[in-house]
Amino acid sequence: MEMRLRVDPVACDGFGHCAELAPEFIALDEWGYPILSPAPIPKQYQKIAEMAVNQCPRRALLFERLETAIRHKPIRKRV
Amino acid sequence: MIALTSHYLWFTTRAAGIVTLGLFTIVMVLGIMTATRVGGKPMPRFAVAELHRRISLLACVFLALHIVTSVIDSYVNISVFSVFVPFTSTYKTLWVGVGTVSLDLLLAVIITSLLRTRMSHELWRVVHWISYLAWPIAIIHTIFIGTDIRFGWMDLYVAANVGVVLLALIWRFKAHPHPDGALTAVPSRTAPTKALRRKTSTTGMAPTVPGAQAQPAQQATQSATKPNGSPVASTKKKPS
Amino acid sequence: MTDVAASSMAPRLLAGTATGQRLDFSQHVAVHGPLALPNRKGTPQFREQILNEIDASGLTGRGGGGFPTGTKLRAYIQGHRRHAMVINVMEGEPAAQKDSVLACYAPHLILDGAEILATIVHAPSITVAVARDNPAAFESLSAAIAERQARGKRPFDIKVVAPPSRYVASEESALSHWLDGGMSLPTFRESKPARLPVRGRGAIVDNAETSAAVALIARHGGTWFASGGINGAAGTTLITIAGAVADPGVFEVPLGTPVRDVLALAKPIAAPTALLLGGYGGTFVGPEALDRPYSRDGLVDIGGNLGAGVIIVFNSSNCIVAEAARIARWMANESAGQCGPCVFGLPAMAAELGKLAAGSKDPALERSLTNHFEVINGRGACAHPDGVVRMARTALAVAGDDVASHLQGRPCAASRNDTILNLPYNEGEIEWK
C-alpha cells in the first residue's frame, strides 16, 4: 500500500521534530514549518515515517493512502 | 531480623522518594524545553521530547519503588487502598494523602500519554497540563511529610528542585512569549472567543506587525464608488 | 446603476431593478412569474427534472469556485444522508458587490433559488449568511423572508444569520465552522469534496448568485439560461467593475462578451493597461485580455479566471507593483493566523513587494520573492495564501518592464499615486466569532 505524508497545517505549530527524524523527505521552510515530498514513502523509510507521525507533538502529520489520494480521499492513519 | 529488613524498606522508601522528585523535576524542565522548541545540533528537538518521555518512565519506576516499599513496610501503616484514595492512611493522614493526590494526578498524565496516539489530541493536551499541578503537590508532600526535611541538605535539595523549575518557567514565559503558537481553531464549542494570538516562528522571527511596515504610498482606505443608488455601505457598521 | 451589456439581451437576474428600487414579493412575481414547488409526492421527479435543467444550463458556481453546479449537487446528494442548505451572501471580497446588489434589490430571487435547492437536496432548513457589516443586505433578506411568511409560503425554515465580516469568513469551511458554533476560520479538510459539518448535518454551501440563477432556470429552463451566453459560453453573469472607471458598479452581462465591451459599460477613464480579474486573490492580465471573450474558456490560456466576478481596471497612471504590494499587505492582515506558511509567508511577501514598489537595487529581492511564491503556495489549510501568490505572480508578469526598472532602483512615477483600490481598514482587533 503506497503511502505518503501530509500535514494538517492548522494543527502544525512548527516544532520540526518530523524534519529532524526524516530529513530525506521532510524539509523545513524558513519559518520552521514542514515541506513534504509528494512522492510515496520508500519502503526502507516506512518505520521512520511512522515514528515521525507518532512523535509529532501536535499530531499534525498524517499518512495519506496514495491511490485514494488520487480520488481525493486521504485516510488519517492512526499508528 | 524483621526490624532490620524493615529499616531497609524504610530507607528505600525515603531514598526512592528523593530520587523520584529529582527525576520528575528533570522531566518538568525537559517538558518546558520541548514546548519552547529548544534543540539543535548536539541534541535535536525530537530527542529532547524523547528524553522527556523516557525519564518520566524511569521516574515512575522509582515512584513505584517508593510506594511499594512504603506499603509493605510494617513500620508505617499505609494500605494499598490509601495509595490511591487520598487521606485514608492512618500514618500521617494529611501528608500521605497529599502524596496520593499527586499520584492520582500523575497517573492521569501518564496513562493518557501512553495512549496519546489513540485519543483525542485536545483531551490529551488538557490532561497534560495537570502535570503543572501534580509536581508542586509532590513538592508539598516531600516538605511536609517531614521525614528527611529536618536535614539541612534536604532543604537545599528541595530548594534546588523548585528553583530549577521556576527558572525554566520564567524563561519560558519571558524569552518565548507564546511557545505554543496561536490558539488553533480546532472545532470546539468551548474555544475562547478572544482575538487570535499570532504564532511565533520557531526561528525566532516575529511576524511583521501589521501597519508597522513602511509602505511606498499611504494605505488609503478610499471607499469604492458605490453603484448608484445602491444602499451597500463600504464602511464597517454593526447590524442594528 | 445596475445595467446590462449592450446587446439585445434583456436583463435576467437584474430584471426589474433598473428603477433602483427593491423588488418586494408581488413585484418579484410580476417580473419573473410565480414559482410552484412540488408537494412531497412530486419531489423525486421534480428533483430529477431540475437537476437535468441545471446540467443543461451550464451553470457553474458563482462564488469563485466555478464548479458545475449540477455535478456539485448530484455529488452532494450521493455523499450525504442528512443535509443542510446554506446560501452564501457573505461576499468577503471587498471589490465585489454583486451578491449585495442581488440581496438588496432582488432578494426573492435568491430565496426562490434557496427553496429549490433545498428541495433538491432534501434539506429541511435554509440558512442565509450575510456579512455582519452589511446591514442593508441583512435587512432586505429578513424583510423578504417576512413577506413570504406573511403570504403563507412556509415550506422551509429559513433564517438569516450574520457571521463576522472577515475576508476568509466567507470561505465555505469557515462559514460552516461558524454555523457549527465555532469561530469563522477555515478548517483543514482531509478529503475533497470536503464534509462541512453543521450541527450534525453535512452542509452544502451555494453562492447567492448561483441560487438566483437556479430560480430562473426553474422557471424558464436550462436551455433558456444557456442561451443568455454568446461566443459559446452559457448564461449571463453579474460582474462588479471597479478601479479606474467613471461608472463603477454591478452589471449583468452575457458570458462570452468581449472584455472590452464589458468594460465599456463602466466607462474606463483611460485605455486599460491591466485588469485584476476575480478579486484580490485573483489574476492580473494585460491588455491582450481586452479582445478575449469574458468566460472561463476565453481567458484560461492567458491565466485569467473569473473568480467572484470582479474586474478592477488599471491604466498607465497606476503602478501595478505598488497596487499589488498594497493588496498583499491587506491580504496578509486577513490571514486566519492558523497556518505558518500563511501567517509568516504573506507578511514576508508583502514586505518584499513593498520594497520592490519603492524601488530597490537589492539583487536578491527578485529571487527571494520567487522563492516565496514557491514555498507559500498550497501550504495553507485554505486557498487564501494561494490567491495572494497568484495575484502577486501575475502582477509581476503583467508589469514586466516596470518591474525591471523598479529593480534598478527607479520606481515608476505612478507608484507615488494614490491607490484606486478599496482596502478597508483591517489592522485592528480581529473579530472571529
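**A guided look at three chains**

Guide: In chain A, take the contacts between residues at least 6 apart in sequence: 59% of them join residues at least 24 apart. Please keep in mind that this is a predicted model.

Visitor: What makes up the secondary structure of chain A?

Guide: Chain A has three helices and four strands. Along the sequence they follow the pattern β-α-β-β-α-β-α. Of the 79 residues in chain A, 48% are buried.

Visitor: And what is the pattern of chain B, from the N terminus on?

Guide: The elements of chain B run α-α-α-α-α-α-α. Chain B has 240 residues, of which 25% count as buried. Among its contacts between residues at least 6 apart in sequence, 51% join residues at least 24 apart.

Visitor: Let's go to chain C. Why is strand 7 of chain C said to be largely enclosed by the rest of the structure?

Guide: A residue counts as buried if 20 or more other C-beta atoms lie within 10 Å of its own. Eight of the eight residues of strand 7 (residues 236–243) of chain C are buried, so the strand is largely enclosed by the rest of the structure.

Visitor: Which residues point one way from strand 7 of chain C, and which the other way?

Guide: In a regular strand, side chains alternate between the two faces of the sheet. Here C:Thr236, C:Leu238, C:Thr240 and C:Ala242 point one way, while C:Thr237, C:Ile239, C:Ile241 and C:Gly243 point the other way. Residues of both groups are buried.

Visitor: How do you know that strand 7 of chain C and strand 8 of chain C pair?

Guide: Two strands pair if DSSP finds at least two bridges between them. Strand 7 of chain C and strand 8 (residues 249–254) of chain C have six bridges, in the antiparallel sense, so the pair meets the cut-off of at least two. One of the bridges has C:Ile239 with C:Phe251 as its partner. A hairpin of five residues joins strand 7 of chain C to strand 8 of chain C.

Visitor: How many bridges join strand 7 of chain C to strand 11 of chain C?

Guide: Four bridges join them, and strand 7 of chain C and strand 11 (residues 310–314) of chain C run parallel. In strand 11 of chain C, C:Ile311 is the bridge partner of C:Ile241.

Visitor: Why are helix 5 of chain C and helix 8 of chain C called roughly perpendicular?

Guide: Helix 5 (residues 107–121) of chain C and helix 8 (residues 208–220) of chain C pack at an angle of about 75 degrees, and their axes are 7 Å apart. Angles of 65 to 115 degrees count as roughly perpendicular. The two helices are therefore roughly perpendicular to each other. Among the residues that meet are C:Leu109 and C:Ile116 in helix 5 of chain C, and C:Ala212 and C:Val214 in helix 8 of chain C. The residues of this contact divide into eleven nonpolar, two polar and one charged.

Visitor: What makes strand 4 and strand 5 of chain C edge strands?

Guide: Picture an open sheet of five strands in chain C, in the order 4-3-2-6-5, with mixed pairing. Strand 4 (157–161) and strand 5 (197–198) of chain C each pair on one side only, and that makes them the edge strands. Strand 5 of chain C pairs with strand 6 (residues 201–207) of chain C over two bridges, in the antiparallel sense. There C:Val198 stands opposite C:Arg201. Helix 6 (residues 135–150) of chain C packs on the sheet, touching strand 2 (83–89), strand 3 (125–130) and strand 4 of chain C.

Visitor: Which domains is chain C divided into?

Guide: The domain assignment gives domain 1 (3–226), domain 2 (237–314) and domain 3 (320–416). The C-alpha centres of domain 1 and domain 2 of chain C lie 24 Å apart. Between these two domains, 21 residues of domain 1 are in contact with 24 residues of domain 2.

Visitor: How many residues does the contact take from chain C and from chain A?

Guide: It takes 14 residues from chain C and 13 residues from chain A. Helix 13 (residues 340–358) of chain C gives the most to the side of chain C that touches chain A, with three residues. The residues of that side divide into six nonpolar, five polar and three charged.

Methods: Residues are numbered from 1 along each chain as its sequence is written. Chains are lettered from A and ligands numbered from 1 in the order in which they are written. This is a predicted model: local features need pLDDT of at least 70, side-chain atom pairs count only at pLDDT 80 or more; totals for chains, interfaces and linings use all residues. A residue is buried if 20 or more other C-beta atoms lie within 10 Å of its own, exposed if 12 or fewer, and partly exposed in between; C-beta atoms are placed from the backbone. Axes are lines fitted to C-alpha atoms, for helices over the stretch in contact, and angles run from 0 to 180 degrees between N-to-C directions. Angles under 35 degrees count as roughly parallel, over 145 as roughly antiparallel, 65 to 115 as roughly perpendicular and the rest as oblique. Two residues are in contact if their C-beta atoms, placed from the backbone, lie within 7 Å. Ala, Val, Leu, Ile, Met, Phe, Trp, Tyr, Cys and Pro count as nonpolar, Asp, Glu, Lys and Arg as charged, and the others, Gly among them, as polar. Domain bounds come from an automatic or database domain assignment.
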